[in-house]
Amino acid sequence: MNVVTRFAPSPTGFLHIGGARTALFNWLFARHHGGTYLLRIEDTDRARSTAEAIEAIHDGLSWLGLEGDAPAVSQSAQAPRHAEVAMQLVEAGAAYRCYLSDSELESIREKARAEGKPVRSPWRDRTDRPDAAFVVRMKMPNDGVMTIEDAVQGSVTVQHAQLDDMVILRADGSPTYMLAVVVDDHDMGVTHVIRGDDHLNNAFRQTMVYRGMGWDVPVFAHIPLIHGADGAKLSKRHGALGVDAYRDMGFLPDAMVNYLLRLGWSHGDEEIISREDAMAWFGLDRVGKAPARFDMDKLADINSHYLRAMDDGELWALVAPLVTPTSPNAEERVTKLMPLLKERAKTHKDIAAAAGFLVHDGAPEIQEDAAGLLDENAVTNLHKLLGDLPEGPWEAETLQTFLKDWLAENGLKMKDIGLPLRAALTGTKQSPSIVDVMAALGPEEAADRIRKTCKI
C-alpha cells in the first residue's frame with residue numbers, strides 16, 4: 001500500500017497544540033512508510049474561516065517542519081465536486097431528497113428524542129419531487145450494527161439505529177462537513193485518517209458515505225485528546241494554546257516536535273527522540289488510548305536539552321535580536337560564555353536576559369539587589385585588585401590561579417571580593433563563574449568597568 005495521510009485543520013483560529021500533534025503523527029506515519037503527507041484547509045465554514053488563520057496554520061506548520069508534500073488543498077474549492085457526489089448517492093439509492101420544512105423537521109426530531117430513535121424523514125421512501133427547496137440526506141440502515149477496527153481505539157461498534165439520516169447537502173447546494181471530508185479524502189487518495197478521538201463518532205457516519213459510493217474505506221486511527229496538567233480538557237485557562245505562542249516564548253521547533261511526539265506515544269523509556277529516530281520508530285500501535293497531559297515544565301526541560309545541543313553561533317543568531325548589542329565584541333563575549341549560559345537556561349530568551357551585561361561596553365547598570373555589595377570596603381578591595389590585574393590574554397584557568405594567589409597575598413577570602421567583583425562587572429548578584437566572566441570581557445573592558453562602577 002502506498003500510504004497517504006493528511007492533516008485537515010479548520011482555519012477558524014491559530015494552529016493549536018492538539019492540531020500540531022495530529023499533523024506530526026500524520027507526518028511521521030507517512031515518513032515511516034515512505035508515503036505521502038498532505039495538507040487540506042477545511043474552509044467550508046466561510047463565516048468563520050479567515051485568511052489570517054490560514055496564514056497562521058501555514059506559519060506554524062512551517063516552523064515545526066511539518067508542511068505538506070504538495071500544495072495545500074482548499075476544501076471550499078471542491079464544492080461542485082461535493083454536490084456532484086451527493087447527487088450520485090441519491091441516484092444510487094444511498095441518499096434521498098428531503099423536502100421537510102423547518103417546523104416539520106423539528107416535530108420529527110422531538111418525537112425521535114422522546115422515543116429514543118434516530119431521525120428518519122418520511123421522504124426517504126418517496127419518489128415524487130415537489131418544486132421546492134430540498135436537502136440531501138443519507139439513508140441510514142434501520143437495524144444491524146457497524147464495527148470499525150480503529151488502529152488506536154481497537155474494535156468499536158455502534159447500532160445503526162443510533163445514526164440519524166444526516167444531511168450531506170444543504171438547501172443552498174453547499175456540502176456539509178460529513179460529505180466534504182469523505183469526498184476530499186477519497187479524491188486525495190488518503191489511506192489512513194489519523195485524527196483526534198472527538199471524531200470517532202463521525203467515522204461511522206462517514207463510512208456510510210464511502211459504502212454508498214462503493215469506495216474503499218480508509219484505516220481510521222483516532223488519537224486521544226490532550227488534557228491539562230489537572231486532567232481537564234486542554235483549554236485557554238491552561239495557558240497558551242497556539243503554536244505561535246510557544247515559539248514566542250522561546251521554545252525551539254525540534255524541542256516542540258519531540259515533546260508533542262511523547263504526548264500519547266512512547267518508545268520504551270526514551271524521552272529525547274530525534275526526528276530521524278521518530279520516523280524510524282513511529283507506529284500507531286504505540287499510541288496510547290488515554291488522554292495525554294500537557295506539562296509546561298516537561299516541555300521546558302526538553303527545550304533546555306535541545307538548547308545545550310545547539311551550535312553556539314546558531315544560538316547567538318537567536319539571542320542577538322533580543323539584546324540589541326552595541327559593543328563590537330558582543331558576539332565574541334556571548335559565544336565564549338555560551339556553554340555556561342546554556343546550562344542555566346530553559347529557552348534562548350533566558351540566555352538573552354542573562355547575557356545583557358556582555359553586549360554593551362562600559363559600566364553595567366547595577367541592579368537594586370546588587371548595589372549594596374559595592375560598599376566602601378568592597379570598593380577598597382577592588383581598587384587593590386585593579387592595580388594588580390595581569391596583562392592579557394585572559395583564560396579562566398590562569399585567572400583562577402591569579403585570584404587564589406592574590407587573595408592569599410592580601411589576606412582576603414573569595415567572599416570578600418567575589419560578589420563585589422561580580423556586581424562591578426555584570427551589575428548583578430548572579431552570573432556564570434566570575435573568572436569566566438572576566439575571561440569573556442578581557443582585561444581592558446574588565447578594568448574599565450571596575451573603574452567606572454567604583455568611580456576610581
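Predicted model: local features only at pLDDT ≥ 70, side-chain atom pairs only at ≥ 80, totals over all residues.
Local features are given only at pLDDT of at least 70 and side-chain atom pairs only at pLDDT 80 or more, whereas totals for chains, interfaces and linings use all residues. Residues are numbered from 1 along each chain as its sequence is written, and side-chain values rest on heavy atoms, with hydrogens and water left out.

The protein chain contains 18 helices and 12 strands; helices (H or I, at least four residues) and strands (E, at least two) are DSSP runs, numbered from the N terminus. The radius of gyration of the protein chain is 32 Å, well over the 23 Å that the globule rule gives for 456 residues, so the chain is more spread out than a compact globule. This radius is taken over C-alpha atoms, and the globule rule is 2.2 Å times the number of residues to the power 0.38. Along its principal axes, the C-alpha trace spans about 110 × 40 × 40 Å.

Strand E2 (residues 36–41) is joined to E3 by two bridges in the parallel sense, and Ile-41 stands opposite Ser-74 in E3. Contact here means heavy atoms within 4.5 Å. Axes are lines fitted to C-alpha atoms, for helices over the stretch in contact, and angles run from 0 to 180 degrees between N-to-C directions.

Another open sheet has three strands in the order E4-E5-E8, paired in the antiparallel sense. Its edge strands are E4 (95–98) and E8 (167–169), each of which pairs on one side only. Neighbouring strands of this sheet are turned by 40 degrees against each other on average, direction ignored. E4 and strand E5 (residues 135–138) share four bridges in the antiparallel sense, and Val-136 in E5 is the bridge partner of Arg-97. Helix H3 (residues 79–91) packs on the sheet, touching E4, E5 and E8, and its direction makes about 100 degrees with that of E4.

Helix H18 takes part in several helix contacts. Two packed helices are described by the angle between their axes and the distance between the axes. Helix H15 (residues 376–388) and helix H18 (residues 434–454) pack at about 150 degrees with their axes 10 Å apart, and the two are therefore roughly antiparallel. Angles under 35 degrees count as roughly parallel, over 145 as roughly antiparallel, 65 to 115 as roughly perpendicular and the rest as oblique. The crossing of H15 and H18 is left-handed, a term used if the near helix is turned anticlockwise from the far one by less than a right angle, with right-handed used if clockwise. Val-379, Leu-382 and Leu-386 of H15 make the contact with Ala-447, Ile-450, Arg-451 and Cys-454 of H18. These residues comprise six nonpolar, no polar and one charged; Ala, Val, Leu, Ile, Met, Phe, Trp, Tyr, Cys and Pro count as nonpolar, Asp, Glu, Lys and Arg as charged, and the others, Gly among them, as polar.

Helix H17 (residues 414–426) and H18 have axes that come within 9 Å and cross at roughly 75 degrees; they are therefore roughly perpendicular to each other. Among the residues that meet are Met-414, Leu-421 and Leu-425 in H17 and Ile-434, Val-437 and Leu-441 in H18. By class, this contact of H17 with H18 has 10 nonpolar, two polar and two charged residues.

Helix H12 (residues 330–343) packs against H18 at about 140 degrees, with the axes 7 Å apart, which makes H12 oblique to H18. Arg-333, Lys-336, Leu-337 and Leu-340 in H12 meet residues of H18 including Asp-436, Glu-445 and Arg-449. The contact of H12 with H18 has six nonpolar, no polar and five charged residues.

Two backbone details complete the description. Most residues other than glycine have a negative phi, and most peptide bonds are trans. The peptide bond from Gly-392 to Pro-393 is cis, with omega near -5 degrees; Pro-393 lies in the loop between H15 and helix H16 (396–409). Thr-324, a residue other than glycine, has a positive phi near 45 degrees and lies in the loop between helix H11 (312–323) and H12.

Key
Pairing = 2+ DSSP bridges.
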